[in-house]
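Trainee: Please take me through the structure below, one question at a time, and spell out each term when it comes up.

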Amino acid sequence: MEFVCRAKMNGLWVSKAIMADVWQSSMDHAVAVARKAGEMVRGALKDDRTVMTKSSAVDLVTQTDQKVEQLIIQSVKEKFPTHRCVCVRFIGEESVAAGESCNLTDDPTWIIDPIDGTTNFVHAFPFVAVSIGFSVNKQVEFGVVYSCLEDKMFTARRGRGAFCNGEPLQVSEQTDIHQAIVATEFGSSRDPTAVDHIFRSLRNILCLPVHGVRGAGTAAINMCLVASGCAEAYYEIGIHVWDVAAGSLIVSEAGGVLLDVDGGDVDLMSRRIVAANNRTIAERIVKEIESFTLQRDDAPLQS
């Protein structure tokens, strides 16, 4: 029996029952194509990993990044050419690097990081993820993070929980910051001012003290570690929407919270995030972060 309530998207009235079915089939496809992308990543590790750079000498990209993104986008276009006649958009890391805009609208949007942890991939450091988020009305509806080398498939659907290889995820119950593991990364910027901010924040948090500070080298996996209860918090300034879109929903559906590094609501385009098991831990982390502002992901393109 179909629900009678309807939602208007792009001027079209679409029943919520139909929309739900569409998004579930989209999520199922995201899981399938993430696995296929993971096979491509594992295969490429055995071959020559040709490395190029983007914004700096440490902002790396490989041909595999580009091939995986093309695989995902092309497969979605073939599988869902119209998404029920609703305009579909894509935000992909490599597409944006090539000059495409990065605007999150109300339209259904696939947010893709083909290889989250490219530097790890280049060095065969064993944490590499394919991250696929899907948003509607600027809200992430499902997230898929596939840790390729661990063969761990993290998934979440809004309002339906988070899972790893089909098993439910639940954040840690720890509320004492002194017994917490905190994850973070240093990013690809080597600007001395930014680095100073990053290390002062790290010192502040380490000296609370916390049990330890860790980093997998990929934002998506760090967030999945919070969702899994392995770490109490993850924070970073300098990430991008494709790094955290999928992981943000996985954290919240596992019972966690998301904040901006200044303590307000998280904005996925701001390049700043705190993901934690609960608000107590999140707000304590926020107090120790020396925040700074970077150009937003949705800033106008420079001519």
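## Cavities, sheets and pockets

Trainee: Which element gives the most to the lining of the largest cavity?

Mentor: With four residues, the element that gives the most to this lining is H5. This is a predicted model, in which local features need pLDDT of at least 70 and side-chain atom pairs count only at pLDDT 80 or more, while totals for chains, interfaces and linings use all residues. Residues are numbered from 1 along each chain as its sequence is written, and side-chain values use heavy atoms, leaving out hydrogens and water. Helices (H or I, at least four residues) and strands (E, at least two) are DSSP runs numbered from the N terminus, and the name you asked for is H5.

Trainee: How many residues line the largest cavity, and what is its volume?

Mentor: On a 1 Å grid over the protein atoms alone, a cavity is a set of points where a 1.4 Å probe fits but cannot get out, a pocket is an open set with protein on both sides within 12 Å along at least five of seven lines, and lining residues have an atom within 4 Å of a point. Grid points are joined across faces, edges and corners, and a volume is the space filled by probe spheres set on the points. The largest cavity is lined by 13 residues, with Thr184, Ile198, Ser201, Tyr235 and Ile237 nearest its centre. Its volume is about 90 Å³.

Trainee: Is serine 201 buried or exposed?

Mentor: Serine 201 is found in helix H5, and leaving aside neighbours within four places in sequence it is in contact (heavy atoms within 4.5 Å) with Tyr235, Glu288, Ile289 and Glu290. Buried means under 20% relative accessible area, exposed over 50% and partly exposed in between, with a 1.4 Å probe and protein chains only. The relative accessible area of serine 201 is 3%, so this residue counts as buried.

Trainee: How far apart in space are serine 201 and glutamate 288?

Mentor: Glu288 is one of the contacts of serine 201, although the two residues are 87 residues apart in sequence. Taken from C-alpha to C-alpha, their separation in space is 6.0 Å.

Trainee: At what angle does H5 run to S14?

Mentor: S14 belongs to an open sheet of five strands with mixed pairing, in the order S13-S12-S14-S16-S15, where two strands pair if DSSP finds at least two bridges between them. H5 lies across strand S12 (181-184), S13 and S14. Axes are lines fitted to C-alpha atoms, for helices over the stretch in contact, and angles run from 0 to 180 degrees between N-to-C directions. By that convention, H5 runs to S14 at about 160 degrees.

Trainee: Which residue is the bridge partner of leucine 258 in S16?

Mentor: S15 and strand S16 (residues 272-276) run antiparallel and are joined by three bridges. In S16, leucine 258 has as its bridge partner alanine 275.

Trainee: Which strands stand at the edges of the sheet of seven strands?

Mentor: This open sheet has the order S5-S6-S7-S8-S9-S10-S11, with mixed pairing. Each edge strand has a single partner strand, so one side of each is left without a neighbour in the sheet, and the two are S5 (89-92) and S11 (167-168).

Trainee: What angle does helix H2 make with S6?

Mentor: Helix H2 (residues 63-79) lies across S5, strand S6 (109-116) and strand S7 (129-136). The angle at which H2 runs to S6 is about 150 degrees.

Trainee: How much space lies in the largest pocket?

Mentor: Among the elements that each supply at least two residues of its lining are H5, S14 and H7. The lining divides into 18 nonpolar, 18 polar and 14 charged residues, where Ala, Val, Leu, Ile, Met, Phe, Trp, Tyr, Cys and Pro count as nonpolar, Asp, Glu, Lys and Arg as charged, and the others, Gly among them, as polar. The space in this pocket is about 1400 Å³.

Trainee: Which element supplies the largest share of the lining of the second largest pocket?

Mentor: About 290 Å³ of space lies in the second largest pocket, and S8 and H7 each supply at least two residues of its lining. The largest share, three residues, comes from H7.
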